[in-house]
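Thanks for coming. I will walk through one structure today, starting with the terms and then going from the whole chain to single residues.

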Amino acid sequence: MVMVISMGGTMHEMRVLLACGDSPECRPVAAWLEADGFEIARAVSLDEAREREAEVDLVLIDEALGVPWPVEEPGGAAGGNGSLLVLGRGASLASALEALRRRAVDYLPEPWTESLVRERVGAAAALQSARREREAELVSLRRRCSELEAMAVRDSLTGLYNHAYFQERLSVEMSRSRRYGHPLGLLFIDVDEFKRINDSLGHLVGDAVLRGIASILRGSSRSVDVHFRLRQHDIAARYGGDEFVLLLPETPRAGAAITAERLRLCVEDHDFGPAGSVSLSIGVACFPDDGADRDALIAAADLALYAAKQSGRNRVITYSPALESIESDGSWEEQIDIRRLVALQRTIAFVGLTQSLRPLRAGDGRISGQEAICQPSEPEFGDLQTLLQVAERSGKVAQLGRVMRERSLEGLKQLEDDQLLFLRVHPREVFDPELAAGDGLERVVYMLDRIREIDDSDQLRAAVDRLREAGCRIGLAGLPAGYTGLDRLLGLRPDYVEIDLHEVGRGDARCDLLARHMIECASAEGVTVVAAGLQGPADRDRARSLGCDLIPDPPPGDP
């Protein structure tokens, strides 16, 4: 039978470990305790007593075996659970104090009478029961405090962080970003046509949709094939109503856009039960580029979200200064082609470009180089020029240029050992430090396009010098016709120059004379001339007769 003690209405079962070896004096002790209802376990050595202490409520040990627990350090406990009683072999005060120093809660001196043992062990059991009840109450209080703390920062419906906590963390993360120079991504997320779900299916279904989206944000949904998982330090919150936010520390614009697109696809792939399929519109903004303070960054993300909603929903749009032209009367679609802007964002986020190589032949017909040509995969863009125009208008030339270079540099693998790869560089990319970074640049010719648009000659010259130090060769393209362009040519000392014979003119002896002089001037400076603006076999024959060093093959399908 097991003794049960009621303390404050709580019932506790008590087990006693009796460690007395073979001592005959201990034999009646077990009988007395069993008579009081204690369950008795036995140990024959100190090591066994120490090992089995956690299995029982009280340990009653014969002092003749020794007391194996360490002496309590001054000012602090030595550990244990306050369960040790010592059956003393002497009646000295020193023996009792030594036992207490070794964590004993009581010292029972000889002779061990029935009344002494039952009274003292019963008192120790009552104290142990009260101690455990107090510990249970403390655990309960700590749990309740944790729950109350969670309620202060958590949304009760979704379990995500709430609006107030998000605002606080946004300020903290912006300070960290400012201090360490790390980018910070912010996603504003809205459930498409959520009012229709509530009105037609009821608020319970709407709440289930919000909880389902929250489970995806937490990475706990198992019903989708598309992978989505936030990092440990990312913050997902319910902003209010059917709006959510994601805070992505140390995440650049492209990474934030990719995260947003994965989330959109994941929600689109999820089965929301009675609500069926659900889609999200997501706006993306990044600190510090899109907003210097908290309010400005939130406004930028909110504007990008608005553009996503207005352009057809179920899409991701990152903030662009071009979105600032949106007017409240809805006429903004006349000022910016938002669909192409969305397609540009997808192109940048997922490198939506195809790459091909166009041979550049010397006068003897040998291929000396290959020009990397990228074309957009998005059907919104008919050609590369349209893609570049949208990037220029939305301020995303640098981001687009980086993914174009990433795709173009794949052409290095297709070149013969004696061939170079020619990449065209937009004037707004010239000062991008990433131009001088990467492998294989010693086989790359950067054709700097339309440098006449760059006003600061000293800054341009410094950028060109950095590219040379990285091992690149430098070419100039889009020079003005005539000697104005040659002035720039002589100042930058390029390795290659592209001369547009169509711009210079054709079919006129004076035009041919001007073109020949330009080519001879470049050749005298040791610069290789690449022909451009050729339309048909006659133009290529003209380029050869004028002395152009490299002539591009015609596009596929042209004669």
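Helices here are DSSP runs of H or I with at least four residues, strands are DSSP runs of E with at least two, and both are numbered from the N terminus. This is a predicted model, so local features need pLDDT of at least 70 and side-chain atom pairs count only at pLDDT 80 or more, while totals for chains, interfaces and linings use all residues. Residues are numbered from 1 along each chain as its sequence is written, and side-chain values use heavy atoms, with hydrogens and water left out.

First, the loop residue V527. V527 sits in the loop between α16 (509–524) and β18. Is V527 buried or exposed? V527 is buried, because its relative accessible area is 4%; buried means under 20%, exposed over 50%, and partly exposed in between, with a 1.4 Å probe and protein chains only. From V527 to D549 the sequence separation is 22 residues, and the C-alpha to C-alpha distance is 9.5 Å.

Now the chain as a whole. The chain has 17 helices and 19 strands. Of its 559 residues, 47% count as buried. Contact means heavy atoms within 4.5 Å. Among contacts with a separation of 6 or more, 65% are between residues 24 or more positions apart.

Next, the sheet. Two strands pair if DSSP finds at least two bridges between them. An open sheet is formed by 8 strands in the order β18-β17-β16-β15-β14-β13-β12-β19, and the pairing is mixed. Which strands stand at the edges? They are β18 (528–532) and β19 (551–552); each has a single partner strand, so one side of each is left without a neighbour in the sheet. Inside that order, β12 (residues 353–361) and β13 (residues 367–376) run antiparallel and are joined by 9 bridges. In this pair, R358 stands opposite E371 of β13. Helix α12 (residues 397–408) packs on the sheet and touches β12, β13, β14 (420–425) and β15 (444–449), with its direction at about 65 degrees to that of β12. For such values, axes are lines fitted to C-alpha atoms, for helices over the stretch in contact, and angles run from 0 to 180 degrees between N-to-C directions.

Helix α12 also meets helix α11 (residues 384–394): their axes come within 8 Å and cross at roughly 140 degrees. The two are therefore oblique to each other; angles under 35 degrees count as roughly parallel, over 145 as roughly antiparallel, 65 to 115 as roughly perpendicular, and the rest as oblique. L384, L387, L388, A391 and E392 of α11 make the contact with V397, L400 and M404 of α12.

On the α6 side are F194, I197, N198 and L201, which meet H203, V205, G206, V209 and L210 in α7.

Last, G283. This glycine lies in strand β10 (residues 280–287). G283 is buried, with a relative accessible area of 0%. What does G283 touch, leaving out residues up to four places away in sequence? G283 touches L186, L187, F188, A301, A304, L305 and I317. G283 and A308 are 25 residues apart in sequence, with 6.7 Å between their C-alpha atoms.
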